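Trainee: I have the model open next to the sequence. Can we go through a few parts of it together?
Mentor: Fine. Ask as you go.

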Amino acid sequence: MKNKIYLLSASLMVATFSFFSCVSSGEKETGKDEIEKKVENLLGKMTLQEKIGQMNQLSPYGSEEEMYALVKEGKVGSFLNIVNAEVANKIQKTAVEQSRLGIPVLMARDVIHGYKTIFPICLGQAASFNPDLVRESARVAAIEASADGIRWTFAPMIDVSRDPRWGRIAESCGEDPYLTAVLGKAMIEGFQGDSLNDPTSIAACAKHFVGYGAAESGRDYNSTFLPERLLRNVYLPPFEAAAKAGAATFMTSFNDNDGVPSTGNKFILKNVLREEWKYDGMVVTDWASATEMITHGFCKDAADAAKKSLDAGVDMDMVSGAFSGNLENLVKENKISEKQIDEAVRNILRLKFRLGLFENPYVSTPQSVKYSPEHLAKAKQAVEQSVILLKNTNQTLPLNADEVHTVAVVGPLADAPHDQMGTWVFDGEKAHTQTPLAALRAVYGDKVRIIYEPALAYSRDKQTTGLAKAVNAAKQADVVLAFVGEESILSGEAHSLADLNLQGLQSELIEKLSQTGKPLVTVVMAGRPLTIAKEVEESDAVLYAFHPGTMGGPALADILFGKVNPSGKTPVTFPKMVGQLPMYYAHNNTGRPALEKEMLLDEIPMEAGQTSVGCRSFFLDAGSTPLFPFGYGLSYTTFSYGNLKIVSGKLTVSDTLKVSVELKNTGRYEGTEVVQLYVQDKVGSVTRPVKELKRFQRVNLQPGESKQVMFDLPVSELAFWNIDMKKVVEPGDFKLWVASDSQGGLTTEFNVAE
Ligand code: BGC
């Protein structure tokens with residue numbers, strides 16, 4: 001992490017909008033050839049220093065005067081962390097009117113899961129399995145951020161993340177490459193809108209390229225060791241999808257993979273991104289990741305870091321100063337060529353033209369878009385679809401407001417407006433957050449009596465004094481709602497954890513509440529899957545809300561009282577114990593997979609023979625199964641699957657497999673099921689995962705209603721990087737499941753012929 005320094009005067013940071021509102025909004029998107037011509041024309045007029053200036057991204061530092069002086073001299077191509085329309089306009093006016101060539105500056109910000117209106121963390125959004133909703137959420141974020149002059153976000157984060165010890169799993173779409181690719185594409189479409197040059201569009205940034213999610217032991221910034229085949233089969237696909245979806249920019253990652261830091265990695269930045277994928281967008285480093293290559297022991301000084309970054313294919317240096325301080329000399333010394341610099345500057349100018357910054361550098365969106373009722377409604381919908389019902393014994397939920405008279409609301413997350421927003425919230429204000437306590441009081445307070453006893457002030461709190469009060473409240477209530485989990489500071493960048501149990505005395509709190517014998521509903525707000533086996537056991541019902549953002553409260557209140565039926569599914573495997581990590585459903589088979597029932601610690605007799613527990617792949621203490629598998633989530637209603645059919649006959653690589661299944665709502669409530677299709681390639685030239693998600697669909701059904709759910713799966717999508725490092729479909733037998741989660745389901749087989 002780094003210090004994000006804001007020394008701009010307070011007067012400038014106050015959002016007052018009017019000055020530039022007369023500026024016309026974006027012109028029609030200029031054609032591709034026309035843009036290329038403009039790029040060449042401008043490039044032809046630039047001095048070497050001006051070119052290097054464009055390759056420099058800064059975060060505000062020093063005095064305002066210094067900042068404007070740099071802009072005037074053409075020494076900065078982009079600022080990150082300016083979040084004020086008036087300041088943004090003033091910078092642009094300086095760039096356009098006072099720098100020699102009048103090149104506008106590109107304003108960037110980490111708009112990760114909302115700008116002012118905060119949506120669920122990305123991992124929560126991923127639980128919705130709803131690309132339309134994810135796209136709309138990103139659109140809202142873009143509209144709000146662009147109102148402050150931000151035209152570039154460092155999102156989506158599409159690192160496949162298989163280890164919840166890694167705090168940044170919160171920013172990801174979870175463990176699955178396909179789900180991540182689909183949702184990453186949706187975010188890009190939402191941020192960038194129909195056309196990049198719409199003033200409400202913001203350029204997306206596919207990050208972190210690549211492999212960062214596989215940081216060893218989940219410790220942030222740690223090394224990764226991903227061989228090329230794994231990289232290509234698992235970690236690269238979401239990025240390829242992002243490139244195809246037109247993500248305007250890519251960001252390199254902090255990790256060194258097999259000894260090569262991404263910012264200096266020619267193979268991924270040149271061979272894969274530029275040559276194989278024909279990417280013509282712009283590549284930025286992560287925060288100072290160019291000079292961090294010195295600390296890695298990969299570069300000897302900043303000049304070496306600048307050369308290695310440029311040689312690898314980086315266009316813009318985020319804040320390290322490596323480019324601005326060294327490129328000119330490197331050219332003079334013939335260590336790099338001006339042609340290389342031109343290539344990078346082309347990518348930067350192209351983006352600025354695409355964004356329409358030359359035609360309209362100024363902000364013209366009214367400030368009133370922030371926290372608009374439509375945006376809040378969309379955020380509420382996003383929470384409604386991302387909350388996962390993990391357990392619901394005896395139909396404890398939904399609560400019936402006519403039968404429940406007194407509700408005890410307890411736990412440190414019941415009324416934590418800051419923490420429920422989650423990580424990467426620089427701009428959302430807690431004054432706008434609607435907490436569960438506030439929403440329960442506002443919406444259901446006239447129907448039920450609410451007793452509030454937080455018990456603990458925050459998630460790590462170890463003070464015992466409040467526990468008895470909470471237990472007392474529970475004893476007076478018909479049902480107990482316990483809001484536990486993690487504060488926002490416990491997940492996100494540089495916030496890895498080695499222990500994923502509930503922090504502080506939260507576990508004790510749940511235990512004591514459960515001992516009252518009152519129906520106990522536990523609601524978890526967290527940035528990652530926590531190891532909550534014990535608390536799940538002790539609770540009657542469990543809802544997992546991740547960090548739900550601004551509208552978490554109203555959505556959860558409606559879920560608890562049955563106005564909304566939960567439909568979220570786990571986008572990542574929930575382990576029973578940390579020692580099982582990394583744990584993901586799409587693993588390869590061992591030669592000795594676990595049996596359905598393994599002998600665990602307590603069942604092993606004394607002095608048992610060495611091989612008496614079998615020689616299988618499992619943990620003696622944790623077994624082989626997770627607490628909850630990927631794709632898991634219950635509903636207040638029930639669904640049955642039947643009549644799985646595939647169009648059989650001879651399938652070849654150019655065919656499309658047609659799959660249909662009958663889904664029936666067999667319960668009492670209207671509900672939505674995420675129907676999932678998994679495939680296993682049974683025999684490959686290299687071992688293949690036991691199953692892989694290939695399609696999913698959200699299906700809404702009334703009680704008693706059934707629907708034929710159809711999937712089209714082009715056989716070409718069964719291709720993988722094989723023993724010859726070629727992406728091919730290997731003919732042979734495949735197994736297919738249509739299921740409610742990654743375990744079980746209806747199954748059949750098919751064959752792909754030569
Ligand atoms: C993070 C990036 C982020 C950047 C800019 C870095 O520390 O790794 O994800 O976009 O900072 O704030």
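Predicted model: local features only at pLDDT ≥ 70, side-chain atom pairs only at ≥ 80, totals over all residues.

Trainee: How much space lies in the largest cavity?
Mentor: About 120 Å³.

Trainee: Which residues lie nearest its centre?
Mentor: Gly149, Arg151, Pro361, Tyr362 and Val363, out of 16 residues that line the largest cavity.

Trainee: And which helix gives the largest share of that lining?
Mentor: Helix α5, residues 85-98, which supplies three residues.

Trainee: Different topic. What is the strand order in the open sheet of three strands?
Mentor: The order is β5-β6-β9, and the pairing is parallel. β5 (205-209) and β9 (282-284) are the edge strands; each has a single partner, so one side of each has no neighbour in the sheet. From one strand to the next, the twist averages 25°.

Trainee: How many bridges join β5 to β6?
Mentor: Three, with β6 covering residues 249-252. As for where residues face each other, Cys205 stands opposite Thr249 in β6.

Trainee: Which helix lies across β5, β6 and β9?
Mentor: α11, residues 266-276, which runs at about 160° to β9.

Trainee: Is α16 mostly covered or mostly open, and how many of its residues are buried?
Mentor: Mostly covered: ten of the 14 residues are buried. Among them are His375, Leu376, Lys378 and Lys380, along with Val383 and Glu384.

Trainee: What covers the buried residues?
Mentor: The covering elements include the helices α6 (122-127), α7 (131-146) and α21 (552-560). Strands β11 (388-392), β16 (541-544) and β20 (692-701) are also included.

Trainee: Last one, Asn326. Which helix is Asn326 found in?
Mentor: α14, residues 322-332.

Trainee: Why does Asn326 count as buried?
Mentor: Because its relative accessibility is 16%, and buried means under 20%.

Trainee: What does Asn326 touch, not counting residues up to four places away in sequence?
Mentor: Asn326 touches Ala302, Ala303, Ala306 and Gly321.

Key
Residues numbered from 1 in each chain as written. Heavy atoms only, no water. Buried < 20%, exposed > 50% of the residue type's maximum accessible area, 1.4 Å probe, protein only. Helix = DSSP H or I, 4+ residues; strand = E, 2+ residues; numbered from the N terminus. Contact = heavy atoms within 4.5 Å. Pairing = 2+ DSSP bridges. Axes fitted to C-alpha atoms, helices over the stretch in contact; angles between N-to-C directions. 1 Å grid on protein atoms, 1.4 Å probe; cavity = no way out; pocket = protein on both sides within 12 Å on 5 of 7 lines; lining within 4 Å. Points joined across faces, edges and corners; volume = space filled by probe spheres on them.
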